[in-house]
Amino acid sequence: MQRIGVFVCHCGSNIAATVDVKKVVELIKLEPGVVHAEDYQYMCSEAGQEKIAVAIREKGLTGIVVCSCSPRMHEATFRKAAEKAGINPYMVEIANIREQCSWIHKDMEEATKKAVILARAAVAKVNLNAPLKPGESLVTKRALVIGGGIAGIQTALDIADAGYEVDIVEKTPSIGGRMSQLDKTFPTLDCSACILTPKMVDAAAHEKINIYTYSEVEKVSGFVGDFTVDIRKKARYVDMDKCTGCGVCQEKCPSKKAPSEFNRGLNKRSAIYTPFAQAIPNVPVIDADYCVKLKTGKCGLCEKVCQAGAIDYTQKDEIITQKYGAIVVATGFDVIKLDKYDEYAYSQSKDVITSLELERIMNAAGPTKGHLERLSDGKAPKNIVFIQCVGSRCSDNRGKSYCSKICCMYTAKHAMLIRDKYPDVNVTVFYIDVRTPGKNFDEFYRRAVEEYGVNYIKGQVGKVLPQPDGQLLVQGVDLIDNKQIKMEADMVVLAAAIEPESSVRKIATMLTASIDTNNFLTEAHPKLRPVESPTAGVFLSGVCQGPKDIPETVAQAGAAAVKVVGLLAKDKLLTNPCTAKPDELLCNGCSTCANVCPYGAISYEDKLINDHGIRETRRVASVNSALCQGCGACTVACPSGCMDLQGFSNRQIIAEVDAICR
Amino acid sequence: MSIKENEEFRPKIVAFCCNWCSYAGADLAGSSRLGYPADVKIIRVPCSCRVNPMFILRAFEKGADGVIICGCHPGDCHYSTGNYYARRRMTLLFSLLDYVGVEKGRTRVEWVSAAEGVKFSATMNEFVEKIRSLGKNVRLEDLRCRN
Amino acid sequence: MQELISRIKALLADKTVDRVLGWKAGDMPYNPEPAYFETEEDLKDFVYDGFCGANLSKYMIEASKLEGKTLVCLKPCDTYSFNQLIKEHRVDREKAYIIGVGCKGKLDIDKIKAQGIKGIKSISGAEIDGAADTLKIDTMYGEKTCSYADAMLERCHVCKGKEHMIYDEIIGESKDTADGNRFDEVAKIEAMSPEEKFAFFQKELSKCIRCNACRNVCPACSCRKCVFDSNKFDSAQKANVVSFEEKMFHIIRAFHVAGRCTDCGECSRVCPQGIPLHLFNRKFIKDINAFYGDYQAGADVDAKAPLTNFTFDDIEPGERG
Amino acid sequence: METAAKQADLIREISGVNPYKCMKCGKCSASCPSYNEMDIKPHQFVSYVLHEDIESLVNSKSIWKCLSCFACVERCPRDVKPGKLIDAARQLVVRQKGQDFLLADEIPELLDPDIPQQLLVSAFRKYKR
């Protein structure tokens with residue numbers, strides 16, 4: 001029988017206000033095995049931990065139950081405290097009487113009763129705990145960054161500057177991401193390319209950074225410190241070493257009908273292309289869907305004009321397998337599809353555009369060379385209407401329930417830039433709320449109103465009706481004047497909601513990183529661990545975790561990099577000792593467990609077994625504890641109960657069930 | 001011990017929650033103060049695939065009135081495939097329990113992510129309500145366990 | 001039967017096999033029992049007729065550990081069990097010489113007795129070589145007859161077919177005796193109200209005396225030590241006092257063999273209390289077929305078992321298939 | 001006061017609308033083809049229910065000017081469905097008059113050039129038995 005000490009935390013008043021902690025102490029003392037029980041203000045404090053240590057020494061405790069907050073919060077704290085006081089850290093169990101009790105119940109009697117039951121269950125479990133010892137695994141000193149936008153670039157630069165090798169995997173032909181598509185950035189109106197391009201160059205030139213563009217992550221296996229990743233390098237049909245980036249091939253290419261991804265499909269590009277002038281690497285790719293040579297075997301013009309001899313139509317996809325200690329997801333975002341918003345006539349009129357399309361139109365390298373003009377007839381617009389929250393803050397099934405966060409600011413930016421460059425253009429913004437938390441943000445928005453005379457109307461637009469003469473009839477409401485407004489516009493700009501890049505789901509599944517209902521990756525803790533995924537060794541950078549602007553993204557990228565560096569700086573990691581363990585005497589050798597193991601951690605061997613004096617060589621399971629992650633799938637698959645999970649054994653769980661149902 | 005007629009029926013409910021999603025979802029429900037009845041007691045397991053049918057039957061045998069298993073959404077399992085196995089096992093087990101006359105509402109599987117505190121709380125409220133309407137479990141109880 | 005015996009003798013004589021796993025005559029004309037035969041002399045008791053329902057594949061687990069080859073007689077439905085045991089590495093194919101014996105349906109003495117036929121002295125017409133139409137029963141009260149089909153085991157009315165799934169040679173003819181729908185009984189229970197279902201199983205299972213015959217005969221229930229005998233779950237057998245213990249036992253037993261049970265029907269055949277235990281297993285089989293596609297355990301050694309497999313869009317627990 | 005609360009509850013019950021979901025964006029009013037005819041605008045309907053001023057609603061012109069075109073229901077980003085509130089207020093009046101149900105035979109005599117025909121169609125759809 002264990003000698004168990006129970007420690008009940010008040011958590012200030014968080015627990016004590018709803019749970020009668022004295023009563024819990026009094027009742028839990030009656031449980032078999034409990035030789036000590038006490039309560040304290042803050043068990044997690046230095047003094048609280050000392051109480052545990054003193055009790056271990058004085059009462060010879062062999063097991064500890066702490067009734068406190070969630071084990072996800074302080075299990076590690078109390079395990080360390082126990083270890084310091086000389087008992088095995090895995091002899092500690094937590095009864096979660098805060099998140100699962102005091103915080104959700106109001107009635108003190110009821111909450112106290114439940115707290116006692118939860119404590120009993122923990123005591124019943126500890127009675128069956130056994131000391132466990134973690135194994136060790138080596139750390140591969142190399143990081144993978146998935147996504148080559150500003151988030152990925154910054155993370156990679158920071159990791160590389162700390163002296164570790166980093167690979168960036170980017171699925172498009174160039175790094176740069178969404179930021180490279182922007183014209184200016186708020187709230188200072190710097191030119192986006194002017195501040196991004198140097199970072200791209202830095203990344204490309206960094207000796208510790210290796211960039212795989214036009215590549216995708218195909219498969220991930222392993223675990224923190226020792227991931228093995230397959231990267232598919234898509235056939236580029238251009239030899240990266242030979243190409244000089246002269247651009248002649250793109251000029252001569254006869255197939256110029258492919259919609260330009262970089263310009264959001266607003267104009268066309270050639271089949272062989274670099275997405276934009278500052279692309280890194282400055283090596284084009286051939287789009288096999290449009291290349292005449294690859295489709296019909298005829299043409300081959302680019303090969304003929306290429307003086308470097310870099311064109312290679314025979315190139316094939318290549319799989320690169322690499323080991324990494326840590327993985328950063330920086331997959332970024334896209335704007336939502338607007339096909340469910342017929343009322344805004346996005347698909348009916350070329351002059352109804354998204355804000356990201358406007359960025360391209362205003363950009364000197366864009367489809368209109370930076371001239372503000374209507375895409376339908378090339379005329380200069382006189383009246384522009386901006387509509388906010390298109391698909392954001394929607395609780396219906398058409399849009400997203402969250403605020404996309406960046407739209408208020410970029411719309412103020414657009415309005416201001418237009419009024420600055422074209423003072424005779426009237427700009428109207430329909431808004432629900434203007435949200436400008438951020439340094440110099442509200443000042444920025446006020447300048448748009450006060451200095452640039454942008455007409456902000458509180459209210460929404462109900463519909464946009466294209467007129468026969470090409471004008472757009474905008475019907476909205478002014479909630480302050482309590483008037484319905486009908487106005488003509490020649491351009492309507494929609495602040496479409498942003499959503500995580502579509503490939504993130506697949507990547508999250510490969511990484512077993514959790515994802516929320518909106519496809520944003522979940523952080524390990526919403527406040528305290530915002531750049532880590534709950535999956536060890538996986539970190540989050542940029543909009544894949546939630547909407548954010550450039551400064552926030554860069555800050556988060558740096559934070560993720562520090563977490564990665566902290567991990568890579570270690571030579572060894574302790575592995576989870578809660579692994580599966582077979583009882584050879586009971587093993588049938590049937591292989592059922594191996595069939596469900598996701599890690600291939602179970603193998604079979606013919607082994608001489610001494611079963612109470614009967615010696616027999618037979619086939620039995622053995623678990624590689626370095627590979628086993630402790631999910632327990634095998635324990636249920638095993639019919640004989642031979643396979644058990646250390647730390648969550650069958651008997652332990654049954655004891656908890658019994659204690660709860662008592 | 002029989003329930004007195006004027007006494008409100010307070011069911012015993014065991015909730016198995018996987019450590020990575022649902023337990024964290026329960027924590028989020030807690031820190032968001034989204035209440036649910038105290039009848040629900042949570043047992044932390046590493047993954048929904050750790051839940052052995054033996055545990056469920058044991059709970060019923062010892063007098064539980066309902067058992068709910070919560071895990072990561074399919075596709076989001078921390079161990080990548082655990083909840084897929086759990087899904088098949090529980091589908092078949094629940095179907096058999098229904099077949100032997102255990103009311104279907106007494107067992108439930110719900111996928112709750114770490115971000116779904118609201119869903120966790122709503123699910124538990126709903127489940128407790130359901131069990132209250134079904135009343136005490138007598139069909140799988142071991143009569144010797146009654147006091 | 002003569003052809004079978006002479007072939008067995010030859011195989012024993014030329015040392016192809018060291019022993020034979022078959023059936024020997026019992027003390028009554030209708031209760032032959034599984035037995036090993038090592039010499040020609042032993043074989044005088046060898047019998048194979050309509051009452052040899054016992055599935056011998058499970059005995060091959062122990063036989064696989066013996067020196068040399070064991071000849072085993074397997075009926076078509078027994079071969080599914082044998083395949084399943086190969087899949088689970090419980091038997092050694094190399095140690096087995098399988099004679100696929102013909103089968104025209106196996107008989108259930110209780111069904112004969114239920115027709116009021118008592119004081120049985122001898123039975124003819126159960127020989128495997130015959131037409132298997134009518135049984136002639138010589139009783140203390142004179143000669144009675146009974147149709148072969150009416151005397152068949154429940155499982156033979158839902159026969160899986162006359163093909164042997166695995167064998168070294170086949171001796172004798174087989175017949176597909178199916179004349180019923182395998183899942184009719186299950187569907188009947190499914191259609192009941194929860195109260196009726198509970199009452200039905202309560203009534204059946206309360207007969208259980210926990211003799212473990214079902215477990216011991218089951219080729220899938222072949223654990224070295226059953227969970228109900230070990231302390232792994234604190235679930236070791238306790239005194240038989242109330243009804244639930246049996247329910248727990250039978251539900252878990254059925255769950256442990258789910259996806260592995262070939263529906264050989266031995267559990268129901270051997271139950272001394274006549275509990276239709278196959279109704280548990282068959283419910284699982286019906287559900288597996290409905291939810292995850294048709295699956296016959298033991299038909300294909302390489303197929304993935306339903307419970308160690310999944311698809312991304314499997315139905316959710318509680319949903320109907 | 002108490003009856004006002006009761007009536008507000010009734011409107012919520014009939015319409016199935018939770019007015020607390022409204023984020024006051026005004027898209028309903030922006031979409032409404034009868035906006036100018038209405039004394040209480042669609043977006044105000046929601047706040048009237050919220051503030052339990054049902055008296056004003058049932059006496060408003062708006063409930064008879066609403067075309068039941070459901071543009072506001074269709075486009076509301078928060079699933080508040082002001083059109084259903086208006087419908088409910090109208091039903092409240094109809095019920096007070098003891099005319100819970102509408103028969104096809106009664107429609108011709110209800111036809112009035114001032115009432116949009118779609119209102120009748122919509123009412124029939126909703127109140128017929």
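Me: In chain A, what share of the contacts with a separation of 6 or more comes from residues 24 or more positions apart?

Reply: Happy to start there, with the note that this is a predicted model. Chain A holds 18 helices and 34 strands, and its C-alpha atoms fill a box of roughly 90 × 65 × 40 Å along the principal axes. Among its contacts with a separation of 6 or more, the share from residues 24 or more positions apart is 70%.

Me: How many of the residues in chain A are buried, as a percentage?

Reply: Buried here asks for 20 or more other C-beta atoms within 10 Å of a residue's own. Chain A has 662 residues, and the buried part of them comes to 53%.

Me: Which residues have the most contacts inside the largest nonpolar core?

Reply: In soluble globular proteins, nonpolar side chains tend to be buried together. Here the largest nonpolar core has 176 residues. Helix α5 of chain A, residues 108-126, gives the most to this core, with 11 residues. The residues with the most contacts inside the core are A:V6, A:V65, A:C67, A:A119 and B:V14.

Me: Which residues is A:C67 in contact with, leaving aside its neighbours within four places in sequence?

Reply: A:C67 is one of the residues with the most contacts inside the largest nonpolar core. Contact means C-beta atoms within 7 Å. With the neighbours within four places in sequence set aside, the partners of A:C67 are A:V6, A:F7, A:V8, A:C9, A:V24, A:A95, A:I97, A:A115 and A:A119.

Me: How many residues are in the other core, the one that includes A:I168 and A:L417?

Reply: This core lies apart from the one of 176 residues. A:A513 and A:L521 are also among its members. The number of residues in this other core is 119.

Me: Which chains share the most contacts?

Reply: There are 4 pairs of chains in contact. Chains B and D are not one of them, with their nearest C-alpha atoms 16 Å apart. No contact joins chains C and D either, and their closest C-alpha atoms lie 28 Å apart. The pair that shares the most contacts is chains A and B.

Me: Which element gives the most to the side of chain B that touches chain A?

Reply: The contact takes 44 residues from chain B and 41 residues from chain A. On the chain B side, the elements giving two or more residues are α1 (22-31), β2 (40-45), α2 (53-61) and α3 (82-99). That side divides into 24 nonpolar, 11 polar and 9 charged residues. The element that gives the most, with 6 residues, is α1(B).

Me: Is A:Y237 buried or exposed?

Reply: A:Y237 is not a glycine, yet has a positive phi of about 65 degrees. This residue is in the loop between β12 (226-233) and α8 (248-252) of chain A. A:Y237 has 24 C-beta neighbours inside 10 Å, so it counts as buried.

Me: And C:K15, buried or exposed?

Reply: C:K15 also is not a glycine and has a positive phi of about 65 degrees. Its loop lies between α1 (2-13) and β1 (19-24) of chain C. Because 9 other C-beta atoms are within 10 Å, C:K15 is exposed.

Note on methods: Residues are numbered from 1 along each chain as its sequence is written. Chains are lettered from A and ligands numbered from 1 in the order in which they are written. This is a predicted model: local features need pLDDT of at least 70, side-chain atom pairs count only at pLDDT 80 or more; totals for chains, interfaces and linings use all residues. Helices (H or I, at least four residues) and strands (E, at least two) are DSSP runs, numbered from the N terminus. A residue is buried if 20 or more other C-beta atoms lie within 10 Å of its own, exposed if 12 or fewer, and partly exposed in between; C-beta atoms are placed from the backbone. Two residues are in contact if their C-beta atoms, placed from the backbone, lie within 7 Å. Ala, Val, Leu, Ile, Met, Phe, Trp, Tyr, Cys and Pro count as nonpolar, Asp, Glu, Lys and Arg as charged, and the others, Gly among them, as polar. A nonpolar core is a set of buried Ala, Val, Leu, Ile, Met, Phe, Trp, Tyr and Cys residues joined through C-beta atoms within 7 Å.
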